[in-house]
Amino acid sequence: MAIIEVVVPQLSESIAEATLLTWNKKAGQSVTRDENLIDVETDKVVLELPAPASGVLVEIIAADGATVASGQLIAKIDTTAIAGDVPAVDAPSPQPVTAIQSSAIAVTPAAHTSTPSPAAAKIMAESGVNNVTGTGKDGRITKADALNAATASTAVAKSAIPAPSAGSALPVVKAPINVNGILADRPEQRVPMSRLRARVAERLLQSQSTNAILTTFNEVNMAPVIEMRNKYKDKFEKEHGVKLGFMSFFVKAAVAALKKYPVLNASVDGNDIVYHGYFDIGIAVGSPRGLVVPVIRNADQLSLADIEKQIAEFGAKAKDGKLTIEEMTGGTFSISNGGVFGSMLSTPIINPPQSAILGVHATKDRAVVENGQIVIRPINYLAMSYDHRIIDGREAVLGLVTMKEALEDPARLLLDV
């Protein structure tokens, strides 16, 4: 027997603990070196934990949902064993949940012979409640019977689950959200926040409570950018292997404004203002696990193609949960594009410790006045929220005007004038 220990990877200095999601292997099954055993969720990213060696997963020490720290032992692999030849030890499931589930569905013996209606059978299958007393004709289980049993089971389980202590296993919600149950007869379903969602909530509240947030707005005629993009998008994609989008233009326009008004690129540290001599632009990206903000480093030194490639890479990684902590650390200014979801206008929240953020919205044809005439132009409303403690209205407004002027004359972005 040759035992290899599986431990939690080293987390960054700012992360004290993480949560194990769902084991991809059961105790007693064969594993292959570098195969992902389980995802480890921190408050910033989700990390894959690969098998350190091939063999048999003989023991799982920390169960799904367990709170763990860097270097903690969570499983053991026997590199000389063959699946089925050695006893396997699974981590114990949280006992309170098991006991609750068994007691919550206790019913009279007659319930076992009741026949559910089709609607009731569907609700019972979705909620996992099997034993229900029927109140319909001849003991038939009605839709109301099934809903009441499902709601009661959830309520009892929810009230009896104790708050987790340090190092204890967190209850894991594995069942999908029961949409039909939520919409019928006013029941509720409680789902714990993921670590990432809880961290996002914490940072948003921190931003609101520590920054003097003010937002300034302007409108941009996107026709010149659209014209340039339509003219060169095919050649651009053929040459660089990536599509020419609009975000690279917004990044370049933001950099132009930050260069002209450095306080927009600064941050507060106690009673000091820290001016950054580099331009690391965070791009807010929606992911299945929540909002993440990967950072484009040295954006002033990158071409439109370089920026588009990084944005595409970030989008793919965010979708798959593969963004690293390093890719989301730092940043001196952020851009949030609610326009991809159809947003017309918003007031974005500053990403601490940054002092400003640009909100981009959907470009729509609108009636505007030019030279005394009403004309139709593709208009985008820009919003820039800023920390009024260090950024005065003058710098904020003129900074946004600089972005507007750059977008309405995109050749300036390429010539850096």
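1. Pro353 is found in the loop between β16 and β17. In this predicted model, a cis peptide bond joins Pro352 and Pro353, with omega at about 5°. Most peptide bonds are trans. Leu345 also belongs to the loop between β16 (333-337) and β17 (356-360).

2. The second largest pocket has a volume of about 840 Å³. Its lining comprises 38 residues, and those nearest the centre of the pocket are Arg203, Val292, Val293, Asn351 and Pro352.

3. Which elements give two or more residues to the lining of the second largest pocket? They are α5 (195-210), β14 (290-292), β16 and β17. The greatest contribution comes from α5, with six residues. By residue class, the lining of the second largest pocket divides into 17 nonpolar, 17 polar and four charged residues.

4. The C-alpha atoms of Val292 and Leu323 are separated by 8.9 Å, while the two residues are 31 residues apart along the chain.

5. A search of the whole structure finds nine salt bridges. One of them pairs Lys317 with Glu327, with 2.7 Å between the closest N and O atoms. Lys317 lies in helix α8 (residues 304-320) and Glu327 in the loop between α8 and β16, so this pair ties together parts that are 10 residues apart in sequence. Lys317 is partly exposed, at a relative accessible area of 22%, whereas Glu327 is buried, at 16%.

6. Two further salt bridges deserve a remark. Asp387 and Arg389 form a salt bridge whose closest N and O atoms are 2.7 Å apart. Is Asp387 buried or exposed? With a relative accessibility of 1%, Asp387 counts as buried, while Arg389 counts as partly exposed at 47%. The salt bridge between Glu395 and Arg394 has its closest N and O atoms 3.5 Å apart. Arg394 counts as exposed, its relative accessibility being 54%. Salt bridges that share partners also join Glu313, Lys317 and Glu327 into one network.

7. On the surface, Phe217, Met344 and Leu345 form a nonpolar patch, and together they have about 290 Å² of accessible area. Leu345, from the loop between β16 and β17, counts as partly exposed with 43% relative accessibility.

8. Backbone torsions at two asparagines should be noted. Most residues other than glycine have a negative phi. Asn298, although not a glycine, has a positive phi of about 50°. Asn298 has its place in the loop between β15 (295-296) and α8, and counts as partly exposed at 32% relative accessibility. Asn371, likewise not a glycine, has a positive phi of about 55°. Where is Asn371 found? The loop between β18 (364-370) and β19 (373-387) holds Asn371, which is exposed, with a relative accessible area of 80%.

How values were computed. Residues are numbered from 1 along each chain as its sequence is written. This is a predicted model: local features need pLDDT of at least 70, side-chain atom pairs count only at pLDDT 80 or more; totals for chains, interfaces and linings use all residues. Side-chain values use heavy atoms; hydrogens and water are left out. Patches are made of residues with over 30% relative accessible area and no salt bridge: like charges are joined within 9 Å, nonpolar side chains (Val, Leu, Ile, Met, Phe, Trp, Tyr) within 5 Å. Accessible areas come from the Shrake-Rupley method with a 1.4 Å probe; for residues, only the protein chains shown count as cover. A salt bridge is a side-chain nitrogen of Lys or Arg within 4 Å of a carboxyl oxygen of Asp or Glu. Helices (H or I, at least four residues) and strands (E, at least two) are DSSP runs, numbered from the N terminus. Buried means under 20% relative accessible area, exposed over 50%, partly exposed in between (1.4 Å probe, protein chains only). On a 1 Å grid over the protein atoms alone, a cavity is a set of points where a 1.4 Å probe fits but cannot get out, and a pocket is an open set with protein on both sides within 12 Å along at least five of seven lines; lining residues have an atom within 4 Å of a point. Grid points are joined across faces, edges and corners, and a volume is the space filled by probe spheres set on the points. Ala, Val, Leu, Ile, Met, Phe, Trp, Tyr, Cys and Pro count as nonpolar, Asp, Glu, Lys and Arg as charged, and the others, Gly among them, as polar.
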